[in-house]
Amino acid sequence: GGTAEVMNAENGCLFTVTESIEDMLLRIEEFVSRDSFRSDARDAARAMAEERCDSVRNYQKFCCILRGA
């Protein structure tokens, strides 16, 4: 599971509620069969988390917004 804010084609995929089990299995098999998928996806997820979820950086951006800068 995950949300669109933290999931993308580089670090995983999201399934729709209406997707069949067969379609989900095909997509999972496609991801797993790719060479180095796990390490690439892990690295991409970590990079996204560091970029978007850094509390110090986010707080500084928030302060700038409040100051109108």
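**Close-up views of the predicted model**

**View 1. Arginine 52 in helix α2.** Arginine 52 is located in helix α2; helices here are DSSP runs of H or I with at least four residues, strands are runs of E with at least two, and both are numbered from the N terminus. This is a predicted model, in which local features need pLDDT of at least 70 and side-chain atom pairs count only at pLDDT 80 or more, whereas totals for chains, interfaces and linings use all residues. Residues are numbered from 1 along each chain as its sequence is written, and side-chain values use heavy atoms, with hydrogens and water left out. With a relative accessibility of 45%, arginine 52 is partly exposed; the classes are buried under 20% relative accessible area, exposed over 50%, and partly exposed in between (1.4 Å probe, protein chains only). The C-alpha atom of arginine 52 is 20 Å from that of serine 39, a residue 13 positions away along the chain.

**View 2. The whole chain.** The protein has 3 helices and 0 strands, in the order α-α-α along the sequence. Its radius of gyration is 17 Å, well over the 11 Å that the globule rule gives for 69 residues, so the protein is more spread out than a compact globule. This radius is taken over C-alpha atoms, and the rule is 2.2 Å times the number of residues to the power 0.38. Along the principal axes, the C-alpha atoms occupy a box of roughly 50 × 30 × 15 Å. Of the 69 residues, 13% are buried. Mean pLDDT, the predictor's confidence in each residue on a scale from 0 to 100, is 86 for the protein, and 94% of the residues reach 70 or more. Confidence is lowest in α2, with a mean of 87, and highest in helix α3 (residues 55-67), with 93. Where pLDDT is low, predicted coordinates should not be read in detail.

**View 3. The nonpolar surface patch.** Phe15, Ile21, Leu25, Ile28 and Val32 make up a nonpolar patch on the surface, and together they have about 450 Å² of accessible area. Areas come from the Shrake-Rupley method with a 1.4 Å probe, and for residues only the protein chains shown count as cover. Patch members have over 30% relative accessible area and no salt bridge; like charges are joined within 9 Å, and nonpolar side chains (Val, Leu, Ile, Met, Phe, Trp, Tyr) within 5 Å. Isoleucine 28 belongs to helix α1 (residues 21-33). Its relative accessible area of 41% makes isoleucine 28 partly exposed.

**View 4. The aromatic pair.** The whole structure contains 1 aromatic pair. Phenylalanine 31 and phenylalanine 37 form this tilted pair, with 4.9 Å centre to centre and 45° between the planes. Rings of Phe, Tyr and Trp (its six-membered ring) pair if their centres lie within 6.5 Å; planes under 30 degrees apart are stacked, over 60 edge-to-face, and the rest tilted. Phenylalanine 31 is buried at 12% relative accessible area, and phenylalanine 37 is buried at 17%.

**View 5. The salt bridges.** There are 3 salt bridges in the structure, each a side-chain nitrogen of Lys or Arg within 4 Å of a carboxyl oxygen of Asp or Glu. Arginine 27 is bridged to glutamate 19, and the closest N and O atoms are 2.8 Å apart. In this pair arginine 27 is partly exposed at 26% relative accessibility, whereas glutamate 19 is buried at 16%. Arginine 42 is bridged to aspartate 43, with 3.8 Å between the closest N and O atoms; arginine 42 is exposed at 54% relative accessible area and aspartate 43 partly exposed at 46%. Glutamate 50 and arginine 46 meet at 2.7 Å, N to O. These two residues are 4 residues apart in helix α2 (residues 37-52), so about one helical turn separates glutamate 50 from arginine 46. Glutamate 50 is partly exposed at 43% relative accessibility, and arginine 46 is exposed at 55% relative accessible area.

View 6. Serine 36 sits in the loop between α1 and α2. Phi of serine 36 is near 55°, which is positive in a residue other than glycine. Serine 36 is partly exposed, with 42% relative accessibility. Alanine 41, in helix α2, is buried at 8% relative accessible area. From alanine 41 to glutamate 29 the C-alpha distance is 15 Å, and the two are 12 residues apart in sequence.
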